Amino acid sequence: MPAPSADRAAPGRDRASADVSATAWALAARGGDPDAADHFVRALHGDVLRYVTYLSGDPQAAHDLTQDTFVRAFGSLHRYEGRASARTWLLAIARRAVADSIRRAAARPRTADAVDWQAAVESSQPRGLPGFEDGVALIDLLESLSDERREAFLLTQIVGLSYEEAAGFVGCPVGTVRSRVSRARGVLERLLREAETASAPAA
C-alpha cells in the first residue's frame with residue numbers, strides 16, 4: 001500500500017484522508033507492524049522536517065531534529081492511542097525536540113558556514129509561496145516574528161494544519177490563531193517588499 005502524499009498544498013479532503021491513514025499506520029506500528037512503521041515515517045517526514053527547520057531557525061540541524069523526533073515518537077508509541085491525529089501528536093513531539101535543542105545550545109556559541117547555511121535555507125524553502133522563489137530566505141524573515149506568530153504561521157501555512165487544528169495544537173482559540181497568522185503575513189509581506197526594493201537596480 002503506497003504512502004499518501006504529505007504535500008502541504010493538498011486539498012483539505014486529501015489531507016484529512018492522509019491524516020486518517022497516518023494515524024492508522026501509527027497504531028499498526030504500535031502493534032509491531034514494520035511496514036506500517038515505514039509508511040508512518042514516510043507520510044509525515046516532510047511535515048516534521050519543514051516544521052523543525054523553521055521553528056528552530058537552524059536548517060543544518062533540521063535533519064537531526066527530525067530524526068530525534070521520530071526516535072522519541074517510536075519510544076513512546078506504546079502510549080499513543082489515536083485520540084489526536086498522528087500528525088498532531090508527532091508535531092507536539094517535534095516541538096519538544098526543538099525546545100530541548102535550543103536549551104542545550106543556549107550556553108554555547110553558534111557557528112555556521114554562511115555559504116552552506118544559505119544553500120540549506122534555499123533548498124529547504126517551501127515551493128509555491130509568492131515572492132520566496134526570488135532568493136529571499138524565508139527563515140531570515142520568520143526570525144523577525146514573535147514566537148507565537150511564527151508558530152501559527154508555520155503550522156497553518158507551511159505544515160498545512162487547519163486553523164482549528166492549529167488552535168488545538170497550541171491551546172488557544174481559533175480566532176487567536178487567525179489573528180496571529182494575519183499579523184505574521186502582514187509583517188512578512190512588508191519585509192518582502194522592502195527586500196525587493198533593496199535588491200532592485202537603481203534607476
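**Ground rules.** Helices (H or I, at least four residues) and strands (E, at least two) are DSSP runs, numbered from the N terminus. I am looking at a predicted model, in which local features need pLDDT of at least 70 and side-chain atom pairs count only at pLDDT 80 or more, while totals for chains, interfaces and linings use all residues. Residues are numbered from 1 along each chain as its sequence is written, and side-chain values use heavy atoms, with hydrogens and water left out.

**Whole chain.** I looked up the secondary structure and found nine helices and zero strands in the protein chain. Read along the sequence, the pattern is α-α-α-α-α-α-α-α-α. Next I checked burial, where buried means under 20% relative accessible area, exposed over 50%, and partly exposed in between (1.4 Å probe, protein chains only). Of the 203 residues of the protein chain, 43% count as buried. The accessible surface comes to about 10800 Å², and 52% of it belongs to carbon and sulfur atoms. Those areas come from the Shrake-Rupley method with a 1.4 Å probe; for residues, only the protein chains shown count as cover.

Then contacts, meaning heavy atoms within 4.5 Å. Among contacts between residues at least 6 apart in sequence, 63% join residues at least 24 apart.

**α2 and α3.** At what angle do the axes of helix α2 and helix α3 cross? I found roughly 135° for α2 (residues 34-56) and α3 (residues 59-75), with the axes coming within 8 Å. Axes here are lines fitted to C-alpha atoms, for helices over the stretch in contact, and angles run from 0 to 180 degrees between N-to-C directions. Angles under 35 degrees count as roughly parallel, over 145 as roughly antiparallel, 65 to 115 as roughly perpendicular and the rest as oblique. So α2 and α3 are oblique to each other. The crossing is right-handed; a crossing gets that name if the near helix is turned clockwise from the far one by less than a right angle, and is left-handed if anticlockwise. The contact includes F40, L44 and V48 of α2 and A62, L65 and F70 of α3. By class, this contact has twelve nonpolar, six polar and no charged residues. For the classes, Ala, Val, Leu, Ile, Met, Phe, Trp, Tyr, Cys and Pro count as nonpolar, Asp, Glu, Lys and Arg as charged, and the others, Gly among them, as polar.

I zoomed in on T66, which sits in helix α3. T66 counts as buried because its relative accessibility is 2%. Not counting residues up to four places away in sequence, T66 touches H45, V48, L49 and V52.

**α7.** Ten of the 13 residues of α7 are buried, so α7 is largely enclosed by the rest of the structure. Among the buried ones are R150, E151 and F153. Just after α7, G160 takes a positive phi of about 95°.

Which helices did I check against α7? One is α2: the axes of α2 and α7 come within 10 Å and cross at roughly 150°, so α2 and α7 are roughly antiparallel. D47, R50, Y51, Y54 and L55 in α2 meet R150, E151, L154, L155, I158 and V159 in α7.
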